[in-house]
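Please keep the sequence and the model at hand while reading.

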Amino acid sequence: MSSNEAGTGNSTNDQAQWGSRFGYIMVAAGAAIGLGNIWRFPYLAYGGGGGVFIVVYILMALIMGYPLIKAESAIGRYARANVAASFGAVKKKYRFIGWIAMLCTALIDMYYVIVGGWVLKYAVAYITGADFGTDTQVYFDGFTSKAAEPLIYTAIVMIVVAILLFFGITNLVEKITKFMMPALFILLVICGIWAVFSTPNAAEGLKYYIVPDFSKMSVKVFADAATQVLFSIGIGWGIFVTLGASLPKSNNIKKDSIWIAVCDTVVALTSGFVIIPSAFGAGVDVSSGPSLIFVVMTQIFSKLPGGRFIGIFFFIALLFAALSTLFTIIEIPNKWLEETAHISHRKSTTITSLVIFAGGVIVSLGFGVLSGVQLPFIDINGISYYNIYNWLDTFTAYILLPLGCLLTCFYVAKVWGFKEFEKELTVNGRDGGFSQFQKLLYAVIVPVLMLVVILNCFGFIK
């Protein structure tokens, strides 16, 4: 059953539930797997020093990612409502925490749907036997700089997601995701092993990836790794509040959260294992950023026996992972619009989809005809200028996401209170206890870490 079928308000209604616990975990993990892990993680890890980035990332997943999955899931299950209403379940004035999450997610939706279009383009290119040429970066740049073609693929992705939301076909998504996520992971492992043994200098790239060089450590590396945890695991968006709204009391949030965090982290680390040694060995520019996975994977598949067929499966699987992400993160503002405006789910889906696509048009053109547009960003050093994608990425990843996580901790510790939070999290003690160290994480450690990220973004800490 989809999250939009859950009742609103503080209810003990257990009717809203998933087909299976495994299905829920796969869909919850799949909400971030795909674009958060396989697309964004490798280029940040590659540019962030490799091994030292990985050390920080794993630590952040443990002390920040896992606790916040638990917090968001418990908030959603307690309130059984949209993100804003969930944060207002105890005191209405704290709905603004959910509004921040929805604004952040809506802005991320606008460029995620574009990347989803890129994935569809590559799937079609492999199916039709396209020639990527000797320089796969040129092929990528040639495609993304066009005005119309990327938007056509984006429109197809947007329409598919809208139809899924329009008719509430969550069960279909759950069934496909349960198969595609493990299959995609296995394929990543195979490609990674092949790349290490077939790409010249890939062994050096593997060393760069797994052996930390602490001389490369900086506040910026920490900020990149911490925000990537927010992307890879999907916290700060309202994802787990939304999914938690349809989670029955029979589910053990603590155990489910462990599996979700582990699945997301393992896939992220595996995607780095595939991409980074190959990119390092091939001498791909560290600053290639969002294009990295497309540039490197096409190089890997060109050398693999049956690479054309494997490329088809890889990008189709990645497309389903992207759809799973988009399905969940578009539902976050969609659910709020439906309940706030008191309109039908289908009408809110139509409006939300059109707004996100309109924003996506601007983002897409920012790689082409609007590439010269530079947006101002104010920090302690004055005014910096970013292109459209980089401005959105900075504003969402380094300000709104950590701010949302900081406020979520404040909500759990001060507004809801640890006593009531523990009751929901453990179902009145059925699922274990709540230690003093866990309280310290929510009250001090995670908020301080998120504050460091925000201060670094504005230049106060370097």
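At 37% relative accessibility, does Lys423 count as buried, exposed or partly exposed, and why? Lys423 counts as partly exposed, because its relative accessibility is 37%, where buried means under 20% relative accessible area, exposed over 50%, and partly exposed in between (1.4 Å probe, protein chains only).

## Basis of the model

This is a predicted model, in which local features need pLDDT of at least 70 and side-chain atom pairs count only at pLDDT 80 or more, while totals for chains, interfaces and linings use all residues. Residues are numbered from 1 along each chain as its sequence is written, and side-chain values use heavy atoms, with hydrogens and water left out.

## Buried pairs between helices

The structure holds 10 salt bridges, a salt bridge being a side-chain nitrogen of Lys or Arg within 4 Å of a carboxyl oxygen of Asp or Glu. One of them joins Arg40 to Asp393, with the closest N and O atoms 2.9 Å apart; it links distant parts of the chain, since Arg40 belongs to helix H2 (residues 35-47) and Asp393 to helix H16 (residues 388-426), 353 residues apart. Helices here are DSSP runs (H or I, at least four residues), numbered from the N terminus. Both Arg40 and Asp393 are buried.

Arg77 pairs with Glu424 in another salt bridge, the closest N and O atoms being 2.7 Å apart. Because Arg77 lies in helix H3 (residues 51-79) and Glu424 in helix H16, this pair ties together parts that are 347 residues apart in sequence. Arg77 and Glu424 are both buried.

## A pair within helix H16

Lys423 forms a salt bridge with Glu420, the closest N and O atoms being 3.3 Å apart, and both residues lie in helix H16, 3 residues apart, or about one turn of the helix. Glu420 counts as partly exposed, at 33% relative accessibility.

Note on methods
Helix = DSSP H or I, 4+ residues; strand = E, 2+ residues; numbered from the N terminus.
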